[in-house]
Number of protein chains: 2
Amino acid sequence: MRYGFGVDLGGTTVKIAWFDENGTMLSNWEIPTRTEDGGSQILPDIAASVLAFIQQQSLAPEKLIGIGIGVPGPVSHEGVVNKCINLGWGVFNIAEELSKLTGLPVKAGNDATVAALGECWKGGGKGCRNMVFATLGTGVGGGIVIEGQVLHGAHGSGAEIGHMVLNREETVQCNCGKYGCVEQYCSATGIVRMAKEHLQKTDAASTLRSIPELTCKDIFDAGKAGDSLALEILDRYYRYLGEFLANVACVVNPEAIVLGGGVSKAGQPLLDGAKKYFDQHVFHAAKNVRFALAVLGNDAGAYGAFKLILDAMG
Amino acid sequence: MRYGFGVDLGGTTVKIAWFDENGTMLSNWEIPTRTEDGGSQILPDIAASVLAFIQQQSLAPEKLIGIGIGVPGPVSHEGVVNKCINLGWGVFNIAEELSKLTGLPVKAGNDATVAALGECWKGGGKGCRNMVFATLGTGVGGGIVIEGQVLHGAHGSGAEIGHMVLNREETVQCNCGKYGCVEQYCSATGIVRMAKEHLQKTDAASTLRSIPELTCKDIFDAGKAGDSLALEILDRYYRYLGEFLANVACVVNPEAIVLGGGVSKAGQPLLDGAKKYFDQHVFHAAKNVRFALAVLGNDAGAYGAFKLILDAMG
């Protein structure tokens, strides 16, 4: 049996996990992400943690596969990061750098993309070779797996599906500077914004009116309880979500679409709602798509990162 | 030097081309596509033509790479076609079938996808590993190349970008049965339809009013001559085209977008117009995209088909 690391590098913590080659997570821990000095300590910290762990294992070197790492920003196929703003990083080859520090083979990918690979391997998309992973959280992120491989794109910006244009009449600006992006409607923030607009537009009674700080969960809860205004809001949400996912499916024709992020806690009603409008909007030949919820939660990144290096090293 | 065939199977003719392994087309000819009897004669006809050609060459068998073939319909990664309506075909493995008939290795792909591979290899996208090819003709077809490989999709329906939803308010039905597809605006047919609508909506003078059977070329010609109504129509066309291509780019992050089909005869103004709106709508990290015209014309399919088998056989 051989072993390796899956590393999920976030803006505040680094999750490090130790896997056997079958993909069983044997151990995992976290270290803080030190973003001071342009993030210059981040890779040395990871290297030190990984090397200390290896020393405890007293493994033969040939048993070590290497390190896969997911980073919060675009990463090219070759491992070059292109400004991870949250980490203070510029442009450099993170795979080469971490490999120098550890003496191990390293493969890097974008965190959302790597999480998609994790969900495809061991999560909601298990058994698929072609999958779209959409994380519906504060924003909308994405990761795409094609024939078992993550889609990096020419500049490491593949699967930025949260910034497809969904409504060209929008007057409110997206965080990215554009108008009418998917993220403005299909994120948790987007649902709340649409709900507030909807509540202002009508006088209809709703349990939502008595809630001072409306959250995404409140809206799904009210919907489950049969509040008709909440159901209208959710129907609009599902329509946006289904239509946008249908457009993604026309491009990549996936076998499964896996939904993760905070909004996915809504469960089955979310899958049913998205699927209903997806089926209306997708091209007939790309219709046969399984909708599933993400199941690996915060571990998806570590699983996917390990899968990256496992695939690279054969 | 080794050699092989690139076959472009269309609804009326089969284009067969003979290449050396560098991708030089040494010879090419056509045979009719016999669609009678559920298209049962098509593969035997191709096999007979190919075998007769080989016999004339008196080549050592180890010099033969095999046959790549593009077909007008969805094809899975394994070579299974899923109903090519124009050919009368059902569901079967065309690669296996043609291989049995010829004794040669065969690799099959969708025709639009294979043409994309051809343009990526020897045409407008030369030197790219990630490319989107959009054919703007009677309809809108597409082909996507990712890391040098064509995107087939789970059911052979990858890159059906002509059927992404572009306008959810549309009341006219697309040929596919949906409403508001890209094809309804971005095809040659779409420009003419939009132009007719525009001419009816206004009384403004335009040279277009005196043309009895308006064509796509008339509109581009009037635009070049400075007709202000034609320029308004084209601006609307470029806006739709740029926005839709930006959405595709958010999914796959290509290095180049190559435009082919009848509309691409409009040349540089088309590239400039599409790029202008593309840059407004695309996510910043996917912005650095080269726009180019297709250059291989009707030969793109044969080049791409040969590249398919060349890659498969190493």
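Visitor: In which helix of chain B is Ala302(B) found?
Guide: Ala302(B) is part of helix α10, residues 300-313 of chain B. Helices (H or I, at least four residues) and strands (E, at least two) are DSSP runs, numbered from the N terminus. This is a predicted model, in which local features need pLDDT of at least 70 and side-chain atom pairs count only at pLDDT 80 or more, while totals for chains, interfaces and linings use all residues. Residues are numbered from 1 along each chain as its sequence is written, and chains are lettered from A and ligands numbered from 1 in the order in which they are written.

Visitor: Is Ala302(B) buried or exposed?
Guide: Ala302(B) counts as buried because it has 27 C-beta neighbours inside 10 Å. The cut-offs are 20 or more other C-beta atoms within 10 Å for buried, 12 or fewer for exposed, and partly exposed in between, with C-beta atoms placed from the backbone.

Visitor: And what does Ala302(B) touch, leaving out residues up to four places away in sequence?
Guide: Its contacts are Gly6(B), Val7(B), Asp8(B), Lys15(B), Ala17(B) and Asn28(B), a contact being two C-beta atoms, placed from the backbone, within 7 Å. Gly6(B) is 296 residues away along the chain, yet the two C-alpha atoms are separated by 4.5 Å.

Visitor: Let us turn to the sheet with β8 in chain B. What is the strand order?
Guide: The order is β10-β9-β8-β11-β12, in an open sheet of 5 strands with mixed pairing; strands pair if DSSP finds at least two bridges between them. β10 (149-150) and β12 (290-293) of chain B are the edge strands, each with a single partner, so one side of each has no neighbour in the sheet.

Visitor: How do β11 and β12 of chain B pair?
Guide: β11(B), residues 256-260, runs in the parallel sense to β12(B) over 4 bridges. Within this pairing, Ile257(B) has Phe291(B) as its bridge partner.

Visitor: Which strands does α8 of chain B touch?
Guide: Helix α8(B), residues 228-252, packs on the sheet against β8 (131-136), β9 (140-146) and β11 of chain B, and its direction makes about 155° with that of β8(B). Axes are lines fitted to C-alpha atoms, for helices over the stretch in contact, and angles run from 0 to 180 degrees between N-to-C directions. Helix α9(B), residues 268-281, lies across β11 and β12 of chain B at about 150° to β12(B).

Visitor: Now the interface. How many residues of chain B are in contact with chain A?
Guide: 36 residues of chain B are in contact with 36 of chain A. On the chain B side, α8(B) gives the largest share, 7 residues.

Visitor: And how are the two copies related?
Guide: Chain B superposes on chain A by a rotation of 180° with 0.0 Å of shift along its axis, at an RMSD of 0.0 Å, fitted by least squares on the C-alpha atoms of residues with pLDDT of at least 70 in both. The copies are therefore related as by a two-fold rotation axis. They meet through the same surface, because 100% of the interface residues of chain B are also interface residues in chain A.

Visitor: One more topic: which residues of α7 in chain A are buried?
Guide: In α7(A), residues 216-224, they are Cys216(A), Ile219(A), Phe220(A), Ala222(A) and Gly223(A). They lie on the same side of α7(A) because they cover an arc of only 160° around the axis, taken from the directions from the helix axis to the C-beta atoms. These residues pack against α6 (188-201), α8 (228-252) and α9 (268-281) of chain A.
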